[in-house]
Amino acid sequence: MRNLAALLALLLATTASAASNEGQAGAQFLKLGSSARAGGMGDAFTAVSDDAYAVHYNPAGLTRLERSQIGGGHTALFQRVTYQSFALAVPFGKEEGWRRHALGLGVLYLGVGDIERRTGDSTNPVGTFGAADSAYSLTYAHGFSESLSVGVTGKHINQSIDTYRGSAFGADLGLLYRLSDGPHAPALGLAVKNAGTRIGYTAAERDPLPTTASVGASFRPYSGKLLVSLEAGKASDADPFGALGLEGRKAFGEGAAAALRFGYNSSRRELGTMSGVSAGAGLSFPKADFDLAWVPFGPLGDSFRFSLLVKF
């Protein structure tokens, strides 16, 4: 049962101080970040959200894309628990420097397999089973102007362990406002995520979703070579959190750049001071980006997040 214990510990760890609040939310995996770029920046991405992974952070950001993008992410956790993400964004209705409309698709999948099944007090396993959580989302974003955009996401959420199943419907709402024109303009972001129906394995025991509200600000000093992102938020079943993200970029060729990232997110602070820290790096090219991030979970172990973004 060690795999199952690690999975449950991970899900509880993503909710800081949840025990001090009334009740516990289900589908805790919805709090995990999806993008390695965002992970390296402490997942302080509400006011950034300038790539396809905006479908998971702030859907309003999709109108800032210059062209369609498709991305996939993989997070190697511990005890063979893995977490996968997928994002597709298609902007259309071209204006100068922005898009009036955008559509997006997103998938999140957390799974662990080969959990040993035992009956009674026996130490001998009688087969294995698995556990998995998933969410499938559809996003629409609208740009009212170059400065203001909004986005809404609908999602279907599933949980399973062995033969037991549960599902729910949720929604995200996002807003992004740029304070001036240009690619390096400071921005303000607002997102409310995972509002929806209750989820559980039986009709008698169903938990609310981990509804989370966050506000953020981002700015790009030094002619856009540095990105600074600040964020504050509150999940329905946890104490308030704060996050900081830094990204430094250095061009090294036509349309190519390297990036180093650092972040801190206080939502993991109860696992130890260093557990809130994250770091990452990435390479950006005209057609693709590759990013990686280190996100520690204190005594539970380190996690490593990888993501690829293709632009077409």
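**Aromatic pairs and salt bridges**

1. Phe-45 and Tyr-57 are both buried. Keep in mind that this is a predicted model. There are two aromatic pairs in total. In one of them, Phe-45 and Tyr-57 sit edge-to-face, with 5.3 Å centre to centre and 65 degrees between the planes. Phe-45 comes from the loop between helix 2 (36–40) and helix 3 (54–57), while Tyr-57 belongs to helix 3, so the pair ties together parts twelve residues apart in sequence.

2. Next up are Phe-252 and Phe-285: their ring centres are 6.2 Å apart and their planes are at 85 degrees, so this pair is edge-to-face. Phe-252 is in strand 12 (residues 241–253) and Phe-285 in the loop between strand 14 (277–284) and strand 15 (288–296), so parts 33 residues apart in sequence get tied together. Phe-285 is partly exposed, at a relative accessible area of 35%.

3. On to charges: the count of salt bridges is eleven. One of them joins Lys-31 to Asp-237 at 2.9 Å, N to O. Lys-31 is in the loop between helix 1 (2–13) and helix 2, and Asp-237 in the loop between strand 11 (226–235) and strand 12, so the pair ties together parts 206 residues apart in sequence. Asp-237 is buried at 2% relative accessibility, whereas Lys-31 is partly exposed at 23%.

4. A network of salt bridges links residues including Arg-37, Asp-50 and Glu-247.

How values were computed. Residues numbered from 1 in each chain as written. Predicted model: local features only at pLDDT ≥ 70, side-chain atom pairs only at ≥ 80, totals over all residues. Heavy atoms only, no water. Phe/Tyr/Trp six-rings, centres within 6.5 Å; stacked < 30°, edge-to-face > 60°. Helix = DSSP H or I, 4+ residues; strand = E, 2+ residues; numbered from the N terminus. Buried < 20%, exposed > 50% of the residue type's maximum accessible area, 1.4 Å probe, protein only. Salt bridge = Lys/Arg side-chain N within 4 Å of Asp/Glu carboxyl O.
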